[in-house]
Number of protein chains: 2
Amino acid sequence: MPVKFADRMSTVHRSFIREILKVTEDTSIISFAGGLPNPELFPVADLEAAAVGVFQDSGPQSLQYSTTEGYLPLREYIAARYKEKKGIDVSPDEILITSGSQQCLDLLGKVLLNAGDKVIIERPGYLGAIQSFSMFQADFITVDLEADGPNLAELEAALNQDKVKMFYAVTNFQNPSGLTYSAEKRAGVAKLMKGRDTLFIEDDPYGELRFRGESHPPVVRGYLDEGGILLGSFSKVAAPGFRLGWMVCGGEMRDKLIIAKQASDLHTSTFAQRVMHRYLTDNVLDDHIEKIKERYGKQRDVMVESIKKYFPAEVKITEPEGGMFLWATLPESLSAMDFFDEAIKNKVAFVPGRPFYVDDSGENTLRLNFSNSDEERIVEGIKRLGAGLKDFIARA
Amino acid sequence: MPVKFADRMSTVHRSFIREILKVTEDTSIISFAGGLPNPELFPVADLEAAAVGVFQDSGPQSLQYSTTEGYLPLREYIAARYKEKKGIDVSPDEILITSGSQQCLDLLGKVLLNAGDKVIIERPGYLGAIQSFSMFQADFITVDLEADGPNLAELEAALNQDKVKMFYAVTNFQNPSGLTYSAEKRAGVAKLMKGRDTLFIEDDPYGELRFRGESHPPVVRGYLDEGGILLGSFSKVAAPGFRLGWMVCGGEMRDKLIIAKQASDLHTSTFAQRVMHRYLTDNVLDDHIEKIKERYGKQRDVMVESIKKYFPAEVKITEPEGGMFLWATLPESLSAMDFFDEAIKNKVAFVPGRPFYVDDSGENTLRLNFSNSDEERIVEGIKRLGAGLKDFIARA
């Protein structure tokens, strides 16, 4: 007799993006589909030196089991950096180190969600969060993401529904849209969240990758003094292969998250945490981030300029001031999914936007990644996409 | 208003053992409480060489995001080792690399368990499994673990109940008891499991650490040709700090587990997987395991001999042929929890057995770890425990 899976498995599916990425393993395809940092910018030699240092100074300890909370010196580094960069107060005891910030979403789902609980997400929303919260049978409410952040009237209406456990937001250079919350929208969100029993979850993997314009403090602790949880990650500022992220939150919530983390994987790699800490203390992270910003900023500029040159005027794009993605919107009647098949024939790939919507809308949208292609390939890829789009729109 | 946690959080608690381990951080205490491998035996220099090799040969790739399934060469190594060591056929495509084998339990819970589904575990049972499955609101049925494996009549009765999703078993040198399934019991379990829609989950982190006696193939694929899942780990044969485990299973089950893994942490550390693979191919793992077995075997012998010399005769122990733990049973009316407080005053620690029981029984049992203390401290610690036990029993 076949095994019966848990009910939660009926609502989650293999990621469509994952399938797309398989198609794009063909190196003749210029791919703007992935969400990968540029591996040429990984600080390989400095991480190697850090790893050797850790092996030599604390080999046995760095290979042993360790605490679920995470390596204290690493938590101290993160707390100090929040103070220095964002001007917010975070205690090392409020930080929980996780196996990538994706794990934060899993742990939050575990600790907070009963089947049918409501979760507010942005429209479009981060696919990894949709997947994680779907595992706990969340009922999603979406709020339109405008150029400067969420539509506050929609957010207020959503918050006024029953049993809304959390509002999950990516406030800087959002994946997939590239959009960022303005100072006004941050203040507006904080005002709406205040005093509610709905948690504000602020995910910020890209915030340090700002090429231009002014940076804002996070909503959590920058604008909202209670009831918020802030997520962070080393994946985009150092390297994703170590799987190191974290969560800022205190009190009973953190106790529950620690219990959930312990049941999930005991703790995050002792070795990875110690190597990252050594790397961060032996090097100046800001210098490294400058290099990333310079490269990604140029790639972003080349992509935006090429789009303006080669795309038909009917296609609208976001012009992000940082991060790794921009977002394109085709005329309403068109399907980016249909166009994807044509683009692949022209050896260029992107991610159709529909998976970022839980309501099957967004058919005419698509995501373009600019972090993982050099300028030459960006120009060539955008040229191919532009030619294809002209045809596609003309035939529509 | 305070945040309302998910219902599942009401049934799980911070691990009692975790609290105990904090007490034993005091280095004046001789601790048999932990479940730690001996860090003196970690192959620090060889892992360092492997890490340097990985940085130099494939730095950028080893720091990038990677597939959820895990690094193919590592999966190939594991599959080949099963064939060589256990004589069972496993395809690399049936292996899913996890963030420690603890994560296997989380993923299995996620994929299989609805609230109230039944899970059969051994009595006493592995605490990490109790914690993971409790997160998914499992209803536990326990089967007595005898000297040679589970009581088969109890197992059959348990399997005949409704909605039994899985039977979770640690077949070699079980944590906490140190007990191992005999060939007869393995065959008996396989016979009982065959043709049912209950999954057999076989966890085997300690199987390679056999000091004496004859090794048996795993139940899964050794005795049971369908419906079984086999878990493994590098934590006890190499080092736990990398958090590397795996699961053997094929078909739709593996597809679902991959979806769950992706939602949980995207994938296990690319770097850790590549370093472990490099270590395994540049070195002979069996040579390293021999060293561990020699040391743990001696420590086990010293512990058993010291117990025979210093413990009152009323205390019964298991005499494991491998692994890291042995199990002691006090006269029935006594509480190992009460004795724990006295032992700490005498600067020696162990884990009271009660947390390994889901039915509040086992009050008179306790677990002793012999892998993480040298022979001298084992003799001294057992001497202190024995003296304390004589007093404790005399006063009872």
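## Ground rules

The model is predicted, so local features need pLDDT of at least 70 and side-chain atom pairs count only at pLDDT 80 or more, while totals for chains, interfaces and linings use all residues. Residues are numbered from 1 along each chain as its sequence is written, chains are lettered from A and ligands numbered from 1 in the order in which they are written, and side-chain values use heavy atoms, with hydrogens and water left out.

## Cavities

Searching the whole structure turns up four cavities of 30 Å³ or more. A cavity here is a set of points, on a 1 Å grid over the protein atoms alone, where a 1.4 Å probe fits but cannot get out; lining residues have an atom within 4 Å of a point. Points are joined across faces, edges and corners, and the volume is the space filled by probe spheres set on them.

The largest cavity comes in at about 260 Å³. It has 19 lining residues, with A:Arg81, A:Tyr82, A:Asp204, A:Glu208 and A:Trp246 nearest its centre. Helix H3 (72–86) and strand S8 (228–233) of chain A each give two or more residues to that lining, and H3(A) gives the most, with six. (Helices are DSSP runs of H or I with at least four residues, strands are E runs of at least two, and both are numbered from the N terminus.) The lining splits into eleven nonpolar, three polar and five charged residues, where Ala, Val, Leu, Ile, Met, Phe, Trp, Tyr, Cys and Pro count as nonpolar, Asp, Glu, Lys and Arg as charged, and the others, Gly among them, as polar.

The second largest cavity holds about 220 Å³. Its lining has 15 residues, and B:Arg81, B:Tyr82, B:Asp204, B:Glu208 and B:Trp246 are the closest to its centre. H3(B) is the top contributor to this lining, with five residues.

## Helix H6 of chain A

H6(A) spans residues 152–159, and its A:Leu155, A:Ala158 and A:Leu159 are buried (under 20% relative accessible area; exposed means over 50% and partly exposed is in between, using a 1.4 Å probe and protein chains only). These three sit on the same side of H6(A), because they cover an arc of only 95 degrees around the axis, taken from the directions from the helix axis to the C-beta atoms.

The buried residues of H6(A) pack against strands S3, S4 and S6 and helix H7 of chain A.

B:Asn369 belongs to strand S14 (residues 365–369) and is buried at 1% relative accessibility. Beyond four places in sequence, its contacts (heavy atoms within 4.5 Å) include B:Phe32, B:Gly34 and B:Met303.

B:Ile30 is in strand S1 (residues 30–31) of chain B and is buried too, at 3%. Among its contacts beyond four places in sequence are B:Lys347, B:Arg377 and B:Arg384.

Most residues other than glycine have a negative phi, and most peptide bonds are trans. Against that background, a cis peptide bond joins A:Arg123 and A:Pro124, with omega about 0 degrees, and another joins A:Asn175 and A:Pro176, with omega about 20 degrees.

As for phi, A:Arg243 has a positive value near 55 degrees and is buried, with a relative accessible area of 4%. B:Asp360 also has a positive phi, about 60 degrees, but this residue is exposed at 62%.

Note on methods. On a 1 Å grid over the protein atoms alone, a cavity is a set of points where a 1.4 Å probe fits but cannot get out, and a pocket is an open set with protein on both sides within 12 Å along at least five of seven lines; lining residues have an atom within 4 Å of a point.
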